[in-house]
Amino acid sequence: MKATAMQRIPQTGYFTFGKVELTLPQKYFMNLAALISGGVDSAVAVHLLCEQGYKPDLFYIRIGMDTDDGLSCTAEEDIELATATARKYGLKLEVVDLQQEYWDRVVAYTIDKVRQGFTPNPDVMCNKLIKFGCFEEKAGHAYDRIATGHYASTCEREGKVWLATAKDPVKDQTDFLAQIDYLQVSRLLFPLGGLMKQEVRETALAARLPSARRKDSQGICFLGKINYNDFIRRFLGERPGAIVELESGREIGTHKGFWFHTIGQRKGLGLSGGPWFVVDKDPEKNLLFVSRGYDTVHQYGRKFRLTDFHFITENPWPEAGEQEICFKIRHTDQFLPGVIRPAGTGYEVESPHLIQGIAPGQFGVIYDREARLCIGSGEIRRCPG
Ligand SMILES: Nc1ncnc2c1ncn2[C@@H]1O[C@H](COP(=O)(O)OP(=O)(O)OP(=O)(O)O)[C@@H](O)[C@H]1O
């Protein structure tokens, strides 16, 4: 295996909506829906579609729970901005209520993973189950294509559609989309795939979009306005346990529940003489293992397993054996090089680089060697031994 430098997305060859030449009948009879959030990205996606002569129907999905305990996302401002965008372009806007579905599926998944000691990724599951799952059943099925403001693209290889990375490596969101299936990817349009974020902002300002000056949202929708620990506490309560130094086995403090802590976490441990990093957990014994030092070796690994691996389009590796790939283990702009090989009932990924903070439960997202195609993803597990 070659130890190449960290790779970024190559800057050519994007197959994005704006560059696809559709023939006139296709263009004018294509029945489009666009998912609009009230943020700047989806508004620019809608603007670009309208500039090209489309008249998409807009959908806002209500996700946060209407509770009186502060655990809800206030959607009213989003809906106001989405309505203003719809009005500007003379488009229909419908609000689709998927709150119950979100809580039954995505929140339930999140709590279940946290309880088991894993680090969940609700955004990945929201895309798979809600934005492209329940929405499809409720409204999306009536449309030829669904457009979103995700930074991603699609490309066609040998007659099949593949999820592909965006031009802007910092904004690329293919890792959040890595659990969608073939039907979903083949029906999606990503008008922003060939644009840098700066260009999107400039387009929004030039077009005087109502959301042009709005700040970017920060992932996990239902947690947007609430504190993560409060959310976890509500479902799992507190369960005090020991914080143990990994190297010495010495008890050096207490925590209020292992579920409040994530592998790789440095802040919020309440320990003196640090820096201390969370490097492991034992959910059964309710122990949190930490290691000291900015560069503690226990923060790093070179290998991990992937379980329940999901191929978006198809398995591109007809022969069993090792494949050169790029991968991500969290939302970052860096695509690490490595190899993937079958192991047990899943796969094992190995990198020539030291990988920081490998957190079981997160999705390991696999790309081709050029970090162009997003092949699929699986849940990270530690290698045995
Ligand atoms: N509540 C929602 N209703 C409908 N579509 C949504 C909603 N939230 C997100 N989306 C769609 O998913 C895309 C990605 O959303 P995400 O929140 O990850 O990114 P974002 O960069 O903050 O997007 P935006 O600037 O459009 O809010 C949005 O551009 C939009 O198309």
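How many residues in the shell around the ligand are nonpolar, how many polar and how many charged? This is a predicted model, and the tour starts at that shell.

**Stop 1: the ligand.** Select the ligand and then the residues around it. The shell has seven nonpolar, seven polar and three charged residues. In total, 17 residues surround the ligand.

Stop 2: Is Cys126 buried or exposed? Cys126 counts as buried because it has 26 C-beta neighbours inside 10 Å, and the cut-off for buried is 20 or more.

**Stop 3: the domains.** Colour the chain by its domain assignment: domain 1 covers 17–223, domain 2 covers 238–294 and domain 3 covers 300–381.

**Stop 4: where domain 1 touches domain 3.** Show domains 1 and 3 together. Here 23 residues of domain 1 are in contact with 19 residues of domain 3. On the domain 1 side, select β6 (160–164) and α6 (182–186), the elements that give two or more residues to this contact. Which of the elements gives the largest share? That is β6, with five residues. To finish, colour the domain 1 side by residue class: 13 of its residues are nonpolar, five are polar and five are charged.

Key:
Residues are numbered from 1 along each chain as its sequence is written. This is a predicted model: local features need pLDDT of at least 70, side-chain atom pairs count only at pLDDT 80 or more; totals for chains, interfaces and linings use all residues. Domain bounds come from an automatic or database domain assignment. Two residues are in contact if their C-beta atoms, placed from the backbone, lie within 7 Å. Helices (H or I, at least four residues) and strands (E, at least two) are DSSP runs, numbered from the N terminus. Ala, Val, Leu, Ile, Met, Phe, Trp, Tyr, Cys and Pro count as nonpolar, Asp, Glu, Lys and Arg as charged, and the others, Gly among them, as polar. A residue is buried if 20 or more other C-beta atoms lie within 10 Å of its own, exposed if 12 or fewer, and partly exposed in between; C-beta atoms are placed from the backbone. A residue is near a molecule or strand if its C-beta atom, placed from the backbone, lies within 6 Å of it.
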